[in-house]
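This report looks at a pocket and at the aromatic side chains of the structure shown below.

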Amino acid sequence: HKTDPEYLVDLEPNLDLRIKHFQDRFDIHFSTNEYGFRATDKIDNSLPQIVCVGDSVTMGFGVSDKDTFCKKLDGYRDSNGQKYQVVNLAVDAYSPTAISLKLKKQIPLLNAKYLYYFPST
């Protein structure tokens, strides 16, 4: 994590880490792209995008990149065969305010066609 004046906390860009829980509850691969988006490939605006927002559940806290539901959805093809890139904007500990700010900042830079918001209870 890094501190951020807008969101309070955010993910560092260009991470490629192995994170092991101190009580062996998980041992995961955690990566971010050049914008600090978890388990998201380099942004490809030639593809329509599904943007995922939320907090720790959406970000994929405690699971490896390949096991986040956003990553599992990446490459989805609709009934016409159109392939989609999935962009994971979620960060653990994000509040609704931080989520709103992130969307306002990032959506204009993306080719977003669908938005999935997964609130934690």
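## Pocket and aromatic contacts

Among the strands (DSSP runs of E, at least two residues, numbered from the N terminus), β3 (16-20) and β4 (27-31) each contribute at least two residues to the lining of the largest pocket. The model is predicted, so to speak of local features a pLDDT of at least 70 is needed, side-chain atom pairs count only at pLDDT 80 or more, and totals for chains, interfaces and linings use all residues. Residues are numbered from 1 along each chain as its sequence is written, and side-chain values use heavy atoms, with hydrogens and water left out.

The largest pocket has a volume of about 180 Å³. Its lining counts 14 residues, of which H1, I19, F30, M59 and F61 are the closest to the pocket centre. By class, the lining holds 9 nonpolar, 3 polar and 2 charged residues.

Across the whole structure there are 7 aromatic pairs (ring centres within 6.5 Å).

| Residue | Relative accessible area | Class |
|---|---|---|
| Y76 | 39% | partly exposed |
| Y84 | 7% | buried |

F69, Y116 and F118 make up one aromatic cluster.

Key: On a 1 Å grid over the protein atoms alone, a cavity is a set of points where a 1.4 Å probe fits but cannot get out, and a pocket is an open set with protein on both sides within 12 Å along at least five of seven lines; lining residues have an atom within 4 Å of a point. Grid points are joined across faces, edges and corners, and a volume is the space filled by probe spheres set on the points. Helices (H or I, at least four residues) and strands (E, at least two) are DSSP runs, numbered from the N terminus. Ala, Val, Leu, Ile, Met, Phe, Trp, Tyr, Cys and Pro count as nonpolar, Asp, Glu, Lys and Arg as charged, and the others, Gly among them, as polar. Rings of Phe, Tyr and Trp (its six-membered ring) pair if their centres lie within 6.5 Å; planes under 30 degrees apart count as stacked, over 60 as edge-to-face and the rest as tilted. Buried means under 20% relative accessible area, exposed over 50%, partly exposed in between (1.4 Å probe, protein chains only).
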